[in-house]
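Thanks for taking a look at this model with me. Below are a few numbered notes to read alongside the structure.

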Amino acid sequence: MAPGAPSSSPSPILAALLFSSLVLSPAQAIVVYTDKEVYGAVGSRVTLHCSFWSSEWVSDDISFTWRYQPEGGRDAISIFHYAKGQPYIDEVGTFKERIQWVGDPQWKDGSIVIHNLDYSDNGTFTCDVKNPPDIVGKTSQVTLYVFEKVPTRYGVVLGAVIGGVLGVVLLVLLLFYVVRYCWLRRQAALQRRLSAMEKGKLHKPGKDTSKRGRQALRWWSSRWSYERMSRARSFGLLSSPPAEPASRTPSRT
């Protein structure tokens, strides 16, 4: 290589960066979602929802694991597991005959249903999802509260109040627009009636004028005939005098 010529070999730093971006780049963490709290009544059932987001397509090796930690307890036990397309209910604990799988991995859903709730079911349930190669991420927890009767939550009451107020407002607005519409229609009808009456008044003088014109024309015609007959009598063509036409003033009837 000639002295001063640029080197054609890649820079060691550039090669290291390329290797780290292609080989050592970590996968994005999987994100699991559950409700924060759920409520149920004794003897009823409740659905524990679990969904996830992953940067990878849903794998055939996807797995869902549910764990339960009793209220006031320290240790969590596994109560349900889904893997290789099959649900597995743990044969230990109080949930072994009361859990139902209702999830669908293709829809990224790992939900379960717990039947015949009891006060002893109060506690925290944890959902863990693995979607190889996306296996890094945090679990999500939902707390179950079992009551004799499910209490009405403050948010539900507030939502009902707001919905009722909005319904009343919409009803008042509807009544206002209906009344306004009826009033405008009545005003338009009155306006059309007044316009028709005004047109009728304008047309009546025209009729009277034409009637008077016809009466004047007949009077002038009679007068012209009278004058012709008077001239004919003056020349001895008529023996009897012609009848003089009536007054020119037309009748107002």
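Is Val-165 buried, partly exposed or exposed? With a relative accessibility of 48%, Val-165 is partly exposed, where buried means under 20% relative accessible area, exposed over 50%, and partly exposed in between (1.4 Å probe, protein chains only).

1. A word on the ground rules. This is a predicted model, in which local features need pLDDT of at least 70 and side-chain atom pairs count only at pLDDT 80 or more, while totals for chains, interfaces and linings use all residues. Residues are numbered from 1 along each chain as its sequence is written, and side-chain values use heavy atoms, with hydrogens and water left out.

2. The surface patch. Val-165 sits in helix α2 (residues 154-234); helices here are DSSP runs of H or I with at least four residues, strands are E runs of at least two, and both are numbered from the N terminus. Together with Val-161, Val-169, Leu-170, Leu-173, Phe-176 and Tyr-177, Val-165 makes up a nonpolar surface patch with about 700 Å² of accessible area. Such a patch takes residues with over 30% relative accessible area and no salt bridge, joining nonpolar side chains (Val, Leu, Ile, Met, Phe, Trp, Tyr) within 5 Å; areas come from the Shrake-Rupley method with a 1.4 Å probe, and only the protein chains shown count as cover for residues.

3. The core. The largest nonpolar core has 26 residues, and Leu-48, Trp-66, Ile-79, Phe-80, Phe-125 and Val-129 touch the most other members. A core is a set of buried Ala, Val, Leu, Ile, Met, Phe, Trp, Tyr and Cys residues joined through side-chain atoms within 4.5 Å. Val-129 has contacts (heavy atoms within 4.5 Å) that include Ile-30, Val-32, Phe-52 and Phe-64, leaving aside residues up to four places away in sequence.

4. The whole structure holds four salt bridges, each a side-chain nitrogen of Lys or Arg within 4 Å of a carboxyl oxygen of Asp or Glu. Lys-84 pairs with Asp-61, with the closest N and O atoms 2.8 Å apart. Lys-84 is in the loop between β6 and β7 (86-89) and Asp-61 in the loop between β4 and β5, so this pair ties together parts 23 residues apart in sequence. Lys-84 is exposed at 62%, whereas Asp-61 is partly exposed at 39%.

5. A buried pair and a network. Asp-121 and Arg-98 also form a salt bridge (2.8 Å, N to O), and both are buried. Elsewhere, salt bridges link Arg-67, Asp-128 and Lys-130 in a network.

Notes:
Patches are made of residues with over 30% relative accessible area and no salt bridge: like charges are joined within 9 Å, nonpolar side chains (Val, Leu, Ile, Met, Phe, Trp, Tyr) within 5 Å.
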